[in-house]
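This report describes a predicted model. The sequence and coordinates come first, and the text follows.

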Amino acid sequence: MNSSLNPQRTVAELKELRALTSDADGAQRVAFTPLWVKTRAWLLEKLAGLPVETHTDAAGNFWATLRGESEKSLLIGGHMDSVPNGGWLDGCLNVMAGVEILRRIHSQFHGKPPITIRLVDWADEEGARFGKSLFGSSACSGLLDMNEARGLMDKQGITLPDALKNVGVDFEHVQAAGVELKNAAAYLELHIEQGPVLLDLDLPLGAVLGTFGVERHAITFHGQAAHSGSTPMNRRKDAFLAAAKMSSEIYEIAARSGNGVCTIGSCTTKPGIVTSVVEECRITLDQRHLDSAKLATMLAEAKSASEIFAREGNVKVSWERIWQIAPRPFNDELIALCDEAIRETCGQVHRLPSGPLHDAAEVAAAGVPTVMMFVQSLHGISHNKIEDTKEEHLELCVTAFDKLAEKTMRWIQSH
Ligand SMILES: [Zn+2]
């Protein structure tokens, strides 16, 4: 049935893309730049042999549609943009696997599949230039914060609306892209894991349960500056001492939560001199979990711990929210299909949450049944030119992702 699928061709095309869009430091397909435009032209060439309708939507996302007997659509998505000095697989693996699946479906159904199949290349997934990830998909889902996005500026002082104008996109109308999801019955995304979980388990592929919710806060402990020589230890109001106790506490909090993670990523002290007790210590706390109740518990536990440590040290503590996003669990039935497709391809599967956000999170938030498949990352590293995946795993993931597409088509038909 899937005899026309050629995963080796996908690997060859990814290498061709790498040669075309990378330099000695890695991939340079940053969104809305000339090289990104060239990448899209290359993608269009790859689709030339297929009877697909192509267009760019109101947010700059590129769509290739293979019309089927029904308007109900199976969406397959990825992103051709990269961070500067990026890896050769992040994002484009998904798109090129999608191209191969379009070819297989086209040949199997002689150009007219039972449902419509649509490939999407999301615009500016990485947010490398304007500091805001998931631009195209969040415009499409309706969750883009227009006021925030309007003011974004790159290092050269070019605003996001101006950069968009250069590629023919009118910022004020980007949310009109929402119309693209009208007949969307399911969304599938393949991605490199970008972490070490599958590598450590020695498994090529995983079914993704959803993307983590995030709570990000700044926590400031307020003590009193005092001379390091003349102040006895028992008279100090040491803001750093209270903050430092948080460091080991977050490991306990994360462990109690099951699969959550907590990170204190920054710590600044005032007055910050060698001869003074710390008057003010500000740390940042990033907490992530797939389960919103457990995420809320992790946050509550961190808050109460900070209050206890503040009291113990005779200092005060204040919290300030920097950012938050809810967990985006994927569709249970599609997770089961993904699991099945992986088992059929390589025998074993692991289910895991995604720490990084992906366009799939936006599509899921828009209410479209969604699932992602991960393929093992060597070194567990991404956003770096050393990002890599074994070629045999790349071929396996195209095969498994194609099986998932086939199963999902049947799932859509039966709904
Ligand atoms: Zn990516």
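What covers the buried residues of H1? The cover includes strand E1 (22-23), strand E2 (26-27), helix H2 (34-46), helix H3 (92-108) and helix H12 (391-413). Helices (H or I, at least four residues) and strands (E, at least two) are DSSP runs, numbered from the N terminus. A residue is buried if 20 or more other C-beta atoms lie within 10 Å of its own, exposed if 12 or fewer, and partly exposed in between, with C-beta atoms placed from the backbone.

Pro7, Thr10, Glu13, Leu14, Leu17 and Thr21 are the buried residues of H1. They sit on the same side of H1 because their arc around the axis is only 110° (the arc is that of the directions from the helix axis to the C-beta atoms). An α-helix has 3.6 residues a turn, so residues three or four places apart point the same way. On the face of H1 turned away from the buried side are the exposed residues Ala12, Lys15 and Ala19.

Helix H1 has 15 residues (7-21), which should span 21 Å at 1.5 Å a residue, and its end C-alpha atoms are 21 Å apart, in agreement. The expected span is 1.5 Å times one less than the number of residues.

## Basis of the model

Residues are numbered from 1 along each chain as its sequence is written. In this predicted model, local features need pLDDT of at least 70 and side-chain atom pairs count only at pLDDT 80 or more, while totals for chains, interfaces and linings use all residues.

## Overall form

The protein has 12 helices and 15 strands. Its C-alpha atoms fill a box of roughly 85 × 50 × 40 Å along the principal axes. For 415 residues a compact globule would have a radius of gyration near 22 Å, and the 24 Å of the protein agrees (taken over C-alpha atoms; the rule is 2.2 Å times the number of residues to the power 0.38).

Of the 415 residues, 48% count as buried. Among contacts (C-beta atoms, placed from the backbone, within 7 Å) with a separation of 6 or more, 78% join residues 24 or more positions apart.

## Domains

The protein divides into domain 1 (7-211 + 327-413) and domain 2 (213-325), with bounds from an automatic or database domain assignment. The contact between them takes 6 residues from domain 1 and 9 residues from domain 2. The centres of the two domains, taken over C-alpha atoms, are 37 Å apart.

## Glutamine 108

Glutamine 108 lies in helix H3. Glutamine 108 is partly exposed, with 15 other C-beta atoms within 10 Å.

Notes. Two residues are in contact if their C-beta atoms, placed from the backbone, lie within 7 Å.
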